[in-house]
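Let's take a walk through this structure together, one stop at a time. Have the sequence and the 3D view open as you read.

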Amino acid sequence: MLDPLGGLERTHTCGELREQDVGKDVVLMGWAAKKRDFGIFTFIDLRDRYGLTQVVVSEEEAEDAHTKAKSVRGEYVVAVKGTVVKREEGTVNEKLPTGAVEVRVIEILILNEAKTLPFELEKSGSQNLASEDLRLKYRYVDLRRRFLQDNLMVRAKALRKMREFMDSKGFVEIETPILLKSTPEGARDFVVPSRIHSGKFFALPQSPQILKQITMISGLDRYYQLARCFRDEDLRADRQPEFTQLDIEMSFANQEMVFRVMEGVLAEVFSLSDAKFETPFPRMTYADAMRRYGSDKPDIRFGMELIDLSGEFEGTDFPPFAKTLEAGGEIKCIVASGCAGYSRKILDGHQEFVKRYGASGLAWIKLGDETTSSLMKALGEEKINSLAEAAGAENGDAIFLVAGRKSVVAASLGALRKEIAKAEDLVPKGVYKPLWVTEFPMFEFNEDTENYDPMHHPFTSLMDEDVPLFKRAIEGGEKDLLGKIRAVAYDIVINGYEIGSGSIRVHQSEIQSLIFKAQGLTPETARERFGFFLEALEYGTPPHGGFAAGVERIVMLLCGTDNIRDVLAFPKTASAQDLMMDSPGEVDKDQLDELGLKIAT
């Protein structure tokens, strides 16, 4: 029979007791992490979220309690009353903060029993983790692991730091609605059918973008929110269908003002890890980031930058490279220091790796006592040596070359750069390298729709010097010029992760209408989707700008994990399912009828 808790209250947590507490009468409550039976003595490691304390029950000192302790099993919920004593010499556990003491129990209450766990908590703390799907199904058990509990504590502290900093700078926390109108901003909306307004739908916010801009129009000149956002898109290890972002907006702001606020809040948050962020953060244009690293979110903790060898192949009669240059492509390489010893298996693996990013192949050169290359027959030894010199490679290095469209070369070599750095342990641990990436293109060509889509979102302002070119592109019908327009848009990147992005916004209705037109939206469609916002812009909108930073990605970095599910209490799987609740789930026919919906088969 289980014991009632009654009016009993715990006096200390399981991580609190120290030598100075010896002699105190205490009440502890928690889970039985482990039990060891030594005849007249029974030892239980009692655990809660604060730590672990060893309690011991003696048959001679507390016969009834000892009998009850014998029946305790793993993860039973128990309460104990007893006295803190110093552990005997030779039994101190240096690994535990409470390891110098134990509690001599005089009474034990079994508050609840537990079935055998679906996986072992102690083993799951090592490399022998149970499958992630199993752990997500029994998330309430998985969350008992110290690693995950610590991560959630870090998350809570990070959110508190954000709020404290934003409050100190005069920002007002404003909550925006969750049920909105569908105004597609790039990703798919999650839509919610309306029962009252049959045939109409709400949408869950991808971000509070329009609403935070409207707060600027309203005169609330400094807004922030820890906003819940929803995007119905394919998932990755660092992405979830619902997430939290630190969302800010400022009136009468230029780019430098936004930078100072974001640098300040990130420096404050990352102080939780003893990281020292020097401000201002370094900056790099989008064009330079793509040219040097093949990515708009470069990890600058290590080198291995992309080197353009296109000039070395001018006039080449080697068909693959000649055709690439004729088509306006390029030939670039990276130098992997000390990797000339790579085996054929590794080289073949890298070959397959770059093909995932659209590359047709990967050429290589290994510099050693005898230089070898996949291009030796085609180019000859003299040219190979010339290429090595142009790349700045030294004896013992390996050079990897990709030829193709600029986007393919950037994506494949940029990814290979990170892959090699990880394999060769070139990335320093416990180091944070923030970077502003600026001057993004305003538009990128969408081959599916044959339109130009905003690279960030359609509410991003243009660089002042590019406005005449933009008007010429729209009003003069020179659509190809859209690819040359730059935006006052910026991302913060830390260690190869895009932590957040922002921009100075469009505050003139005329320019906003032209941007919608550039997207291929007719005036009627633009009015249908964004009419309320276009009208709001006509009522005295101040210049304004802002930023949104992903809370989960920040906490991922703070906790040293690369899996976003490790910093969420109840995450979804890679296929957007909640295995614990078995959602998404079906609804019954009555609910569908009430909403006027029918499932197509």
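Before we start, a word on names: helices (H or I, at least four residues) and strands (E, at least two) are DSSP runs, numbered from the N terminus. Keep in mind, too, that this is a predicted model.

With those labels in hand, let's begin in a loop. Asp 274 sits in the stretch between α6 and β11. Its phi is near 65°, which is a positive value in a residue other than glycine. Is Asp 274 buried or exposed? With 63% relative accessibility, Asp 274 counts as exposed, since the cut-off for that label is over 50%. Pro 280 belongs to the loop between α6 (255-270) and β11 (283-285) as well.

To spot Pro 584, look in the loop between α16 and α17 (589-595).

Now hop back to Glu 75, in the loop between α1 (63-70) and β4 (77-86). Glu 75 is not a glycine, yet its phi is positive, near 70°. The relative accessible area of Glu 75 is 4%, so this residue is buried; the limit for buried is under 20%.

Time for a helix. α9 covers residues 344-355, twelve residues in all. From its first C-alpha to its last, α9 reaches 17 Å, close to the 16 Å expected at 1.5 Å a residue. Which residues of α9 are buried? They are Leu 347, His 350, Gln 351, Phe 353 and Val 354. If you look down the axis of α9, these buried residues fall within an arc of 165°, so they line one face of the helix. What do the buried residues of α9 pack against? Their partners are β14 (363-366), β16 (398-404) and α12 (406-423). Over on the other side of α9, Arg 344 and Lys 345 are exposed.

Ala 423 has 61% relative accessibility, so it counts as exposed. Trace the chain from Ala 423 to Lys 484, 61 residues apart, and you'll find their C-alpha atoms separated by 37 Å.

Next, let's see how helices pair up. Two packed helices are described by the angle between their axes and the distance between the axes. Take α4 (residues 146-168) and α16 (residues 551-559): their axes come within 10 Å and cross at roughly 125°. That angle makes α4 oblique to α16, and the crossing is right-handed. On the α4 side, the contact includes Asn 151, Val 154 and Arg 155, while α16 contributes residues including Val 551, Glu 552 and Ile 554.

Our last stop is α14 (residues 509-518) with α15 (residues 523-536). These helices pack at an angle of about 160°, their axes 12 Å apart. So α14 is roughly antiparallel to α15, and here the crossing is right-handed. Where they meet, Ser 509, Gln 512, Ser 513 and Phe 516 come from α14, and Ala 526, Phe 530, Phe 533 and Leu 534 come from α15.

Definitions and conventions
Residues are numbered from 1 along each chain as its sequence is written. This is a predicted model: local features need pLDDT of at least 70, side-chain atom pairs count only at pLDDT 80 or more; totals for chains, interfaces and linings use all residues. Side-chain values use heavy atoms; hydrogens and water are left out. The expected span of a helix is 1.5 Å times one less than its number of residues. Buried means under 20% relative accessible area, exposed over 50%, partly exposed in between (1.4 Å probe, protein chains only). The arc is that of the directions from the helix axis to the C-beta atoms. Contact means heavy atoms within 4.5 Å. Axes are lines fitted to C-alpha atoms, for helices over the stretch in contact, and angles run from 0 to 180 degrees between N-to-C directions. Angles under 35 degrees count as roughly parallel, over 145 as roughly antiparallel, 65 to 115 as roughly perpendicular and the rest as oblique. A crossing is left-handed if the near helix is turned anticlockwise from the far one by less than a right angle, and right-handed if clockwise.
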